[in-house]
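Open your viewer and get your selection tool ready.

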Number of protein chains: 2
Amino acid sequence: MDEPGFTRLARCRVVIVGLGLMGGSLALALRAAKAGREIWGVDSDPAALAFAVEQSIIDCAADFDSVLNCEFLILAAPVRAILSQLHRLTSVIRHAKRPSVTLLDLGSTKSKIVAAMEKLPPGFDPVGGHPMCGKEVSGIENAEANLFRDKTFVLTPTKRASSAALALAQELIAAIGARPLILSPERHDALAAMSSHLPYVMAAALMRAAQTVDDDQLWTLAASGFRDTSRLAASDLTMMVDILLTNRAAILDALGRYRTELDWFITLIEAADPEALSAALAPAQRKRAELFRG
Amino acid sequence: MDEPGFTRLARCRVVIVGLGLMGGSLALALRAAKAGREIWGVDSDPAALAFAVEQSIIDCAADFDSVLNCEFLILAAPVRAILSQLHRLTSVIRHAKRPSVTLLDLGSTKSKIVAAMEKLPPGFDPVGGHPMCGKEVSGIENAEANLFRDKTFVLTPTKRASSAALALAQELIAAIGARPLILSPERHDALAAMSSHLPYVMAAALMRAAQTVDDDQLWTLAASGFRDTSRLAASDLTMMVDILLTNRAAILDALGRYRTELDWFITLIEAADPEALSAALAPAQRKRAELFRG
């Protein structure tokens, strides 16, 4: 019989594939919560692996072929790397005889990953996941145990996932101090396109537009407003290209909605009508002030 | 002979017209620096005036007709209010006999204000100014003495300004801990359009686009990226409408450059070419990372 607390997670060997900001922070958060019997790490970059071992972020550096030697496998790479890993798991499993492995990923887009998870051979119990947090710096050297604390952690279960797999994922979310939110992959991707992927494209387009201005004093004048609006442009390129490629339809929809509003503002500024401008800006101001106080 | 330090400013009665976030913060910063013999405040809102007197932010509440009874007059209202005040000064001066008043403003756009300053009757020694700082909250209750510290404070002198007026403005900038930068009004307005006014329009358009999504979980998923990219949408409406109306040409130019980049990203996302996307995003990432470390 299970003891109270995080008992099932406590008995798992957890293997984290991808020791970047997310994977490294997850390892640190699990350690801080004393969750997981052992934490193994896999990464194609020997420097990241060495750092993780030296800093005791993981118990053991493993290679991809040993990923099934665990109870809980977590894929924490950029989306297209996760898709390749899921493909590799299909061949690995052919040679393996073991009980079912609970599989979770931390990829930024979910529809393509969950579709690939559905096609895995038996022996996997897969759940999609996406912690809604990040920093504009990447790499395990920027990992921190508190990255997930009080953040939303979306779960997008596959149709084949057992209730035990979902419960284990929720146990992990509780252990790292995040808040679970269960959504369909399509709903996650539509919401993430508007709340995260569109703001990234906006920030990158702002940086490119600013670089067309031939006046170095521009950067002297760029104060906190510019700094905040452009922040996401510094995000990790591989991660962002993968997002743009694997959530195209939803991102193009969000960009279309945004461009309509932008063009409306251009029309209103051209017309120079203070009342019409004020009426268009007021709902944006009200909602922003309501959402984030201070 | 002047003593060392802020001696000329120290002997001035300073009148600040407009006790909002900027005017209130300026009064507090001058007080903290023991600059200004006396600080008088003028505001059409009796509550702001009463607050300023109660909190000892100013020495004396005055009305607009007494604004010439000083050595240093500072207009700290939204741009179109400053333009009205400059117009009023034209009639006030007809009835006054006094030595020259140094006039500085803190308005967010400079071309129209400096043009109006050039037309003032004799007796004014006017310099345009714009401290590059702010908060997304407004009002004197949010004023703080450190608002200007280490921030760029643009000066856009009129052609008629004496070197003494420019020196006094620079003395004020030193007293409040800001860094002076002298620019032409047109250059200021072009740079502010790209670095500040465009990011505001982007943030407002993002909030409006997000509000077209009929799913309340959007706000649960909106994490730090959305929060930062949308922050400027909460700015004071009157201030922002005045900016959009008095810097139209430069803002429309910045919006045009931005829209070109945005449309380019839409094309690249539609084409789904990872190398082309990466090549377009990389310069934005490099420059952002170079500009703001951490």
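Start with chain B and select its open sheet of eight strands, ordered 3-2-1-4-5-6-7-8 with mixed pairing. Strands here are DSSP runs of E of at least two residues, helices are runs of H or I of at least four residues, and both are numbered from the N terminus; two strands pair if DSSP finds at least two bridges between them. This is a predicted model, in which local features need pLDDT of at least 70, side-chain atom pairs count only at pLDDT 80 or more, and totals for chains, interfaces and linings use all residues. Residues are numbered from 1 along each chain as its sequence is written, while chains are lettered from A and ligands numbered from 1 in the order in which they are written.

Now colour strand 3 (60-61) and strand 8 (179-182) of chain B: these stand at the edges with a single partner strand each, so one side of each has no neighbour in the sheet.

Next, pick strand 5 (101-105) and strand 6 (124-131) of chain B, which pair in the parallel sense over four bridges. Zoom in on Thr102(B), and you will find Asp125(B) of strand 6 opposite.

Finally, show both chains: 77 residues of chain A are in contact with 77 residues of chain B (C-beta atoms, placed from the backbone, within 7 Å). Select helix 7 of chain A, which gives the largest share of chain A's side, 17 residues.

Conventions. Two residues are in contact if their C-beta atoms, placed from the backbone, lie within 7 Å.
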